[in-house]
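Please look over the sequence and the model before reading on.

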Amino acid sequence: QASGCAGFEESCAPCAAMVKNTKMQQWLNYRVRVTVSDSRVMVGTFMAFDKYMNMVLSDCEEYRKIKAKGSDEEREAKRMLGLIILRGETVVSMTAEAPPPSEPRKAGQQAGPGRGQAAGRGVPVAPLQSAPAGLTGPVKGVGGPGAAQMMPQSVGRGGPARLPGGMPMGARPPPGMPPM
């Protein structure tokens, strides 16, 4: 708010932005008809907008007029688009077609085309008894050496005595390594 501003005054820039915001917010969840600069008409549920007048419409249908090649008659083509984002730069006009539904959506109701619905991440809700296949650990024969090769070897005849790390007895460890 600017100094000397009593509240929602359109002459005050911050207040004018808030008034415009509230004017657009009143149409959220309404079924609206938006005309775009290339004369297409989008009809959908007005879900969101931003300061650039970009709009999100769900359950959106596109209507466009197509001229037949041989005659002057036009026919209207309709196609279902679903959830769309309209660039504010292309919006020419917006009119309300129907108010938002009066009853809240039921939790068990199926989502339609263009409606978002939460999706699971593939993890079951119930606790598992054991890890699923493929998550139990390394497969035998794949990866590192076998368990028998990892066991310490006893020092046998025919060679200098070595420590388990492979260093000969009496040798000093490299700098930074703890003595064994």
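How many salt bridges does the count come to? The count comes to 8 salt bridges, a salt bridge being a side-chain nitrogen of Lys or Arg within 4 Å of a carboxyl oxygen of Asp or Glu. This is a predicted model, in which local features need pLDDT of at least 70, side-chain atom pairs count only at pLDDT 80 or more, and totals for chains, interfaces and linings use all residues. Residues are numbered from 1 along each chain as its sequence is written, and side-chain values use heavy atoms, with hydrogens and water left out.

The protein has 2 helices and 5 strands, taken as DSSP runs (helices H or I, at least four residues; strands E, at least two) numbered from the N terminus. Along the sequence the pattern is α-β-β-β-β-β-α. The 5 strands form an open antiparallel sheet in the order 4-3-2-1-5, where two strands pair if DSSP finds at least two bridges between them. Strand 4 (74–86) and strand 5 (91–98) are the edge strands, each pairing on one side only. Inside the sheet, strand 1 (residues 31–36) and strand 2 (residues 41–49) pair in the antiparallel sense over 5 bridges; R31 has T45 in strand 2 as its bridge partner.

Buried residues (under 20% relative accessible area; exposed is over 50%, partly exposed in between; 1.4 Å probe, protein chains only) make up 18% of the 180 residues. Leaving aside residues up to four places away in sequence, I84 touches M42, M55, V56, L57 and C60, a contact meaning heavy atoms within 4.5 Å.

Now the charged pairs. Side chains of opposite charge can pair when their charged atoms come close. R33 and E97 meet in a salt bridge at 2.7 Å, N to O. This pair links strand 1 to strand 5, 64 residues apart. R33 is partly exposed at 31% relative accessible area, and E97 is partly exposed at 40%. E76 and K65 also meet in a salt bridge (3.7 Å, N to O). E76 lies in strand 4 and K65 in strand 3, so this pair ties together parts 11 residues apart in sequence.
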